[in-house]
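Student: I'm new to this one. Could you show it to me and let me ask how we know what we say about it?

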Amino acid sequence: MAMLPCSLLTVVVVLAVSSVQSDPGPVRIQLRLAGEKRKHYEGRVEVYYNNEWGTVCDDDFDMSAAHVVCRELGYVGAVSWSPSAKYGKGEGRIWLDNVHCTGRETSLANCPSNGFGVSDCRHSEDVGVVCTQKRIPGFQFISTSSNDVETLDVRVEDVRIRATYSQRKRVPITEGFVELKDAGKWRQICDEDWNMMNSRVVCGMYGFPGMKGFNTRAYKLLSQRRKKNYWGFSVNCTGNEAHLSSCRMGKVLKLVGNSTCVRGMPVVVSCIPGRAFAPTQSSGFRKAYRPEQPLVRLRGGANIGEGRVEVLKNGVWGTVCDDNWDLKAATVVCRELGFGTAKEALTGGRMGQGMGPVHMNEVECSGFEKSLTECFFNKDSLGCSHEEDAAVRCHVPAMGFHNRLRLSGGRNPSEGRVEVLAERNGSLVWGTVCSESWGIMEAMVVCRQLGLGFANNAFQETWYWPGDVSADSVVMSGVRCSGTEMSLAQCLHHGKHISCPKGGGRFAAGVSCTQTAPDLVLNAEVVEHTTYLEDRPMYALQCAHEENCLSSTANPADQGSYRRLLRFSSQIHNNGLSDFRPRAGRHSWIWHECHRHYHSMEVFTHYDLLSLNGTKVAEGHKASFCLEDTQCDEGIEKRYACANFGQQGITVGCWDTYRHDIDCQWIDITDVKPGDYVFQVVINPNYEVAESDYTNNIMKCKCRYDGHRIWTYNCHIGGSRGSDLDDFPGILTNQLQRR
């Protein structure tokens, strides 16, 4: 029987969506950039309309129309546009011709044109655009395409792994019959033409990196006792599909009642869970993982199984440029990290921008590699910037975490009092969490467990959120999380021995969640290149002394004595997806008369000098006297300035610079003896403000002090290297200055 050239479901990878209101009713289109030899921010303009992709003719197209296209795709604007199919000829309909935009429209569908499908053009006139690499901060991509699409006369609504009765209580479900929902009924697939590639795809779409064998005889006996309702087609996957919906339908199956699939049985799959989801250390589980240090990691993602892709090379973590980045490469990353196939291959720094080198460019994978490092790639990343950092969203197993936790009483589904399902006296009951020691790390875990992104705030009083009265009792106390756990139950807590002096009710723990968060990163290179010593008299340090920026030995010091200061500049970037704002509102900022400025955060950074075993030998407290946009990347406007009691914060794509010559931008090392030390800077040390990644908030440098000069070397951000390097490169900085 001939193969049918169609899919079980039609899944469209959507790059942008807009909904436009017009007189006849809402017009919905989707845009994408396609074509040959291009960057992610340029390409042939393609429009998805009436369930079909098509192109746009270059007649009357101009920069105003290009700006509309780029903004609809999430870019700040357009750089140029190209006529005459520069990015190759498209296929299908030419949806739009003679487009006239003012540049202020929110969608290309809003611009006057001949009308959809009315064109006298050929594909040799397909228009292309080049957008700015800058993205609109917080731009949300929304997919309106459905996985419930008719293909021929076949309608498939869902796919599931149906576990046997004895395995249904296992979490996650890794083994069972594969069933398709067709016309409202669950149906089995005959295994006569089933192969391992098909099983690989099913396991991948359910969040599992691999598959293994199973007891065929047991399932055959079980299937013989069950009434079967087979689906009328076989399935033909290559093994690289992200979902069974992308596989092609194979032979038509002749449905003859009990005689259907007489030489086979219903399809069964048995999947291997990833490290984080595996219940036991089975042999199959061990085979699925590399025992050595991982070479790939994800950073900056709001939920489990998503993030910016980073690769370890020569002991240093770096990013991947998004040129040619596709689902095959993304799936290799996901499987390598113990997830299933990739749901999305993201481009354009959609999960925030990394720091450090760009290690890989133009990655090409077959899809069957064990690691991204085995794929072909271009080592030359010339022309790539962190605005082009590649990212992924992976399929993850259904662990049911969200069923054991809920938010109650909030103004919207992303906030409220935290309520936990716990076992008490042999039954499951809902109760609250004690708010003692409750902080942003615990809130991060709650938001991740519920799939609500990052924590925005952690609340220790929730009297303003009327939760379920029957759930007022405290069922969990002493919660302490590192912030990386997948569920609150994985954090340290008191177990059944509840201890909560304040009780629940108004003092129950609460959270608010958000899909985007800032990410502050200190520029280690600036610190390393600006470090120097200065001897400064006490009479010139009165304001700094009042603000506790000197060591305690300065208290009885004579006004004519000198303090030795280790000075440096710091440049703090916001590489996240939302602005960094002080937690406290302006009404609660503290005025400091000496320097005549407001402190918007009690502590913004810690500056410390440590011995090689980690003991503090000198410390410098740095209050956030002013958070503002000192400079921004091209195309981004400054939003925060301290002048005239202005709003404080750091905009996405901007940085705040504290120069070496301002007060408190130092460590007082007057009492430090000569030797080798570690110079450490920590941003947002008390986690007052939520961030997408706290691991990069720490910077460390090696220091050598001989009593007269100091050398700082090997400065690096936390998590930027595979291990600390101790090589001393020689003198890089320092002349002692005296004022």
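Predicted model: local features only at pLDDT ≥ 70, side-chain atom pairs only at ≥ 80, totals over all residues.

Student: Where is Ala-329 found?
Tutor: Ala-329 is found in helix α5, residues 327–336. Helices here are DSSP runs of H or I with at least four residues, strands are runs of E with at least two, and both are numbered from the N terminus. Residues are numbered from 1 along each chain as its sequence is written, and side-chain values use heavy atoms, with hydrogens and water left out.

Student: Why is Ala-329 called buried?
Tutor: Buried means under 20% relative accessible area, exposed means over 50%, and partly exposed is in between (1.4 Å probe, protein chains only). Ala-329 has a relative accessible area of 0%, so it is buried.

Student: Which residues is Ala-329 in contact with, leaving aside its neighbours within four places in sequence?
Tutor: Those are Val-363, Cys-365 and Leu-372. Contact means heavy atoms within 4.5 Å. As for Cys-375, it is 46 residues from Ala-329 along the chain, and their C-alpha atoms are separated by 8.0 Å.

Student: Which residue caps the N-terminal end of α3?
Tutor: Asn-215 does, with a side-chain oxygen 3.3 Å from the backbone nitrogen of Arg-217.

Student: Which residues of α3 are buried?
Tutor: In α3 (residues 216–224), Tyr-219, Leu-222 and Ser-223 are buried. They cover an arc of only 95° around the axis, so they sit on the same side of α3. That arc is taken from the directions from the helix axis to the C-beta atoms. The face turned away from the buried side carries exposed Arg-217 and Gln-224. The cover over the buried residues includes β9 (175–182) and β14 (268–272).

Student: What makes β28 and β36 edge strands?
Tutor: Four strands form an open, antiparallel sheet in the order β28-β31-β37-β36. β28 (520–522) and β36 (631–632) each have a single partner strand, so one side of each is left without a neighbour in the sheet.

Student: Why do β36 and β37 count as paired?
Tutor: Two strands pair if DSSP finds at least two bridges between them. Two bridges join β36 to β37 (residues 654–658), so by that rule they pair. Cys-632 stands opposite Cys-654 in β37.

Student: What is called a nonpolar core?
Tutor: A set of buried Ala, Val, Leu, Ile, Met, Phe, Trp, Tyr and Cys residues joined through side-chain atoms within 4.5 Å. The largest has 33 residues, and those with the most contacts inside it are Phe-604, Ile-669, Phe-679 and Met-699. Apart from it lies another core, of 32 residues, including Met-444 and Tyr-694.

Key:
Polar contact = N/O pair within 3.5 Å; in protein donor to acceptor, adjacent residues only side chain to side chain.
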